[in-house]
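Hi,

I'm passing a structure on to you, and I hope you enjoy looking around it. Please open it first, and then read my notes below.

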Amino acid sequence: MIRKLITIDEAACNGCGLCAAVCHEGAIGMAGGRATLLRDDYCDGLGDCLPVCPTGAISFAEREAAAYDAAAVKEHMARATQTVSQLRQWPVQIKLAPVHAPYFDGADLLIAADCTAYARADFHTRFMRNRATLIGCPKLDQVDYAEKLTELFRRNPIQSVTVARMEVPCCGGIAHAVQEALRDSGRAIPLQVVTISTDGNILKE
């Protein structure tokens, strides 16, 4: 059937992941640091993703496509929210992780403050899924992560970086370290910083 649904310009996509986060049907996923439409029948064509895209990479198009399938979406979302660990590698502590490893090759990387996983029940599926994960706390570790992260960014073809931090001031250290490391590495890697409140709400992304 001919119907209206989204199309994603991969060349314009900066890999921020905002569209995937707001898609209530789970129709958009991240692959290779870019947004992609997972299946036509998951997309309802309403376009909640359009206004959040900062680069205008998403638009509507009319084309031959499978009909929207609410039952398939329900099954898809149920699978996505199952309580299965999404951890892809070990170790996860920034201090312990190597600066070069196979699991960083072409990876979308999550760098999370320790407390974030306890603040949101869906942290594994919302943030860790399909990402390599590193965690740390600049206040407890009392260390500047920037030097190690700079080397990590230089030595691995990271596709995108998402920082998950709490709203508390001390968490600003982890976001600052990542921003400094990206600058010093000389690599133009898309960065998204997500701020989570102490009651688990997303304040900024």
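Let's begin with Asp 122, which is partly exposed, with a relative accessible area of 25% (buried means under 20%, exposed over 50%, and partly exposed in between, using a 1.4 Å probe and protein chains only). Before going further, please keep in mind that this is a predicted model, in which local features need pLDDT of at least 70 and side-chain atom pairs count only at pLDDT 80 or more, while totals for chains, interfaces and linings use all residues. Residues are numbered from 1 along each chain as its sequence is written, and side-chain values use heavy atoms, with hydrogens and water left out.

Now for the partner of Asp 122. Arg 120 forms a salt bridge with it, the closest N and O atoms being 2.9 Å apart (a side-chain nitrogen of Lys or Arg within 4 Å of a carboxyl oxygen of Asp or Glu). Arg 120 is buried, at 15% relative accessible area.

How many salt bridges are there by this rule? The count comes to 5. Another of them joins Asp 41 to Arg 39, with 2.7 Å between the closest N and O atoms. Here Asp 41 is buried, at 13% relative accessibility, whereas Arg 39 is partly exposed, at 38%.

Asp 40 also has a salt bridge, to Arg 63, and its closest N and O atoms are 2.9 Å apart. This pair links distant parts of the chain: Asp 40 sits in the loop between strand 3 (34-37) and strand 4 (58-64), and Arg 63 is in strand 4, 23 residues away (strands are DSSP runs of E, at least two residues, numbered from the N terminus). Both are partly exposed: Asp 40 has 23% relative accessibility and Arg 63 has 30%.

The structure holds 2 cavities of 30 Å³ or more (sets of points on a 1 Å grid where a 1.4 Å probe fits but cannot get out; lining residues have an atom within 4 Å of a point).

The largest cavity has about 110 Å³ of space. Its lining has 15 residues, with Cys 23, Glu 25, Asp 44, Gly 47 and Cys 49 nearest the centre. They divide into 9 nonpolar, 3 polar and 3 charged.

Happy exploring!

Note on methods: 1 Å grid on protein atoms, 1.4 Å probe; cavity = no way out; pocket = protein on both sides within 12 Å on 5 of 7 lines; lining within 4 Å. Points joined across faces, edges and corners; volume = space filled by probe spheres on them. Nonpolar A, V, L, I, M, F, W, Y, C, P; charged D, E, K, R; others polar. Helix = DSSP H or I, 4+ residues; strand = E, 2+ residues; numbered from the N terminus.
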